[in-house]
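Hi everyone, thanks for making time.

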Amino acid sequence: MREITLSQAVNEALAEEMRRDPTTFIIGEDVAEAGTPFKVLSGLVEEFGTERVIDTPISEPGFMGMAVGAAMTGSRPIVDLMFGDFIFLIMDQLCNQAAKIHYMSGGKLNVPLVLRTNLGATRRSAAQHSQSLQALVAHIPGLKVAMPSSAYEAKGLMKTAIRDNNPVVIFEDKLMYQDKAPVPEEEYLIPFGEANVKREGSDITLIATSSMVQVAEKAAEMLAGEGISAEVIDPRTIVPLDEKTLLDSVKKTSRAIVIDEGHQSYGVTAEIASRLNEKAFYHLDAPVLRMGAMDVPVPFSPALEDITVPTPEGVADNARKLCAGELIHAA
Amino acid sequence: MAKAKAKTKTNTEDYLRMYRQMVRIRTFEDNANQLYLSAKMPGLTHMYSGEEAVAVGICEALTDDDRITSTHRGHGHCVAKGAEFKEMFCELLGKEEGYCRGKGGSMHIADQSHGNLGANAIVGGSMGIATGSALRAKLNGDDDVTVCFFGDGATAQGLLYEVMNMAALWNLPVIYACENNGYSEYTKTEEIAAGSLTARAEAFGIEAFKVDGQDVLAVNDLTQKLVARCRKGEGPFFLELETYRYHGHHVGDINREYYRSKDEEKDWKQNRDPIVRFRGYLVEQGIATEEEIEAMNAEIEKDATDAVAYAEAAPYPDASEVDMHVYAD
């Protein structure tokens, strides 16, 4: 199978869906000729014109709100938010408006829009361009949240998101834009709420999102050399969450670590770990561990920044301890 | 998209409909206030009384295909855009037959069938939505116009300036209708707004107009012209409508002399009431007799009483509805 980058996968998904559905358009900062700073959208304006690939002023709440209004009246906007950190600028339009309009209207109004943005530290971009804020939006009922872990997921999830009748937030890992993965030439969609078992194992389950799937896979590889069999699961969407696949795995392995690049406290890892504790308690031989980013603003200095995110070594170390019964009281 | 011809104000029928709609709003609000005072309504509501000529003057210049976005003080917009009393009172009382199945309440009534995209409980929260609706119209080649209602208080929100900038850059068919009732919640507008409101729109190259919001014909006349120009791609426009809210910020804001005097309220009610003024005009012009007007008022009063009784007796939504409509299929 051919291999393409995550960036190309997103671009293909957008182009295919925009050809398929004339009500779609892209709106955001420097999306047209510039193709975004990450060049993910390069070429789209040439095909679809500036009417459907719309450059805006630097007015995030403004264009987010306009996307909501366009979505309510028949369009399917794809909003490009240059950095995930800018979610704080659009919170009212995303969380008070987009997320609630279907419910507040008793189901009469729909808001079918996609918010494309990114996450991920270690790009030496400091505290306002490095955050992974998926927990913030996952907390708000009415929003769906997709977290692709490779080019394959990025394409399939994006196509599903564009066809969904709800506001969907997609976080792409900005460090993975140039990473290649096998992506079929023929069309495919990845349904929401279906986790992917990336690697089967029997001793411990590593549940990892987005950028952390690679980290978990590397940890699993290290552990395999030591005789520890780790299962790696990528939920792919955290809202909706495929609880069943996660629970089935944990019931089999009896141990789990949940890894996500958002801050650990009150985060995605906490939510998933809590559900496992509530629903698989008697199957567990060890507390479910959370591994998120440290609870500090992301520092600039490489010497500091690299310490803040989970690493394969850190995951493997915790997995060894859980399997050896060393962390029974550590959770 | 096919459009009905915009209504004109040049015949008796249109004038009487404008009068009727203003009285319907006032009557709706009087009944809503009673529901609050008699503790029959859950929560609070914000009365539109006094501002009727704004909503009616504007909405009578629109068709059902034209959209509006409304505010927390939104019952007037909802009635003026064509909503029914029954579904409105049901919504205010949290009943299943309400426009939003009781899930929105007073501050979130939306009436999709008449192009009302909904009231909004965030001050200024719908400016992006209105402008986005206009963007959709332009992209699709639809000829509908969107009117964004907001108050003077909302002019302090930054979102307005972001979306006016884009609307002006892209010539979007949107009319920003600022209902300046002189008070930003419990504070005089002059204490929160520097300079001129219309000048702010003009800074973006948007044509802005100041109009007497108590004169329904003046509002309607101007809006008809602006709507027609919007349909020709000459939007956006900005309107500042000078008006007055008779009640407090909300129904519970009763002792309000610390921020505005009873004399001031009395002056607006006695000398500038939009319904009294228009009624006088209709009689003077021989469009209706006092008797015909009284009969119309009585009929509207009865409609409201019946709708309130209906809503009071109507069932609440079943508990199973609580997690319905979080996500669309």
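Two residues count as in contact here if their C-beta atoms, placed from the backbone, lie within 7 Å. With that rule, the contact between the chains takes 33 residues from chain B and 36 residues from chain A. This is a predicted model, where local features need pLDDT of at least 70, side-chain atom pairs count only at pLDDT 80 or more, and totals for chains, interfaces and linings use all residues. Residues are numbered from 1 along each chain as its sequence is written, while chains are lettered from A and ligands numbered from 1 in the order in which they are written.

Which elements give two or more residues to the side of chain B that touches chain A? They are α5 (127-140) and α6 (158-169) of chain B; helices are DSSP runs of H or I, at least four residues, and strands are runs of E, at least two, numbered from the N terminus. The largest share, 10 residues, comes from α5(B).

Now for a helix pair inside chain B. The axes of α2 (residues 52-59) and α9 (residues 216-231) of chain B come within 8 Å and cross at roughly 35°, with axes fitted to C-alpha atoms over the stretch in contact and angles running from 0 to 180 degrees between N-to-C directions. On the α2(B) side, the residues that meet α9(B) include V54(B) and I58(B); on the α9(B) side, V219(B) and T223(B) are among them.

Finally, over residues 20-319 of chain B the chain is 46% helix and 11% strand, and the end C-alpha atoms are 38 Å apart.
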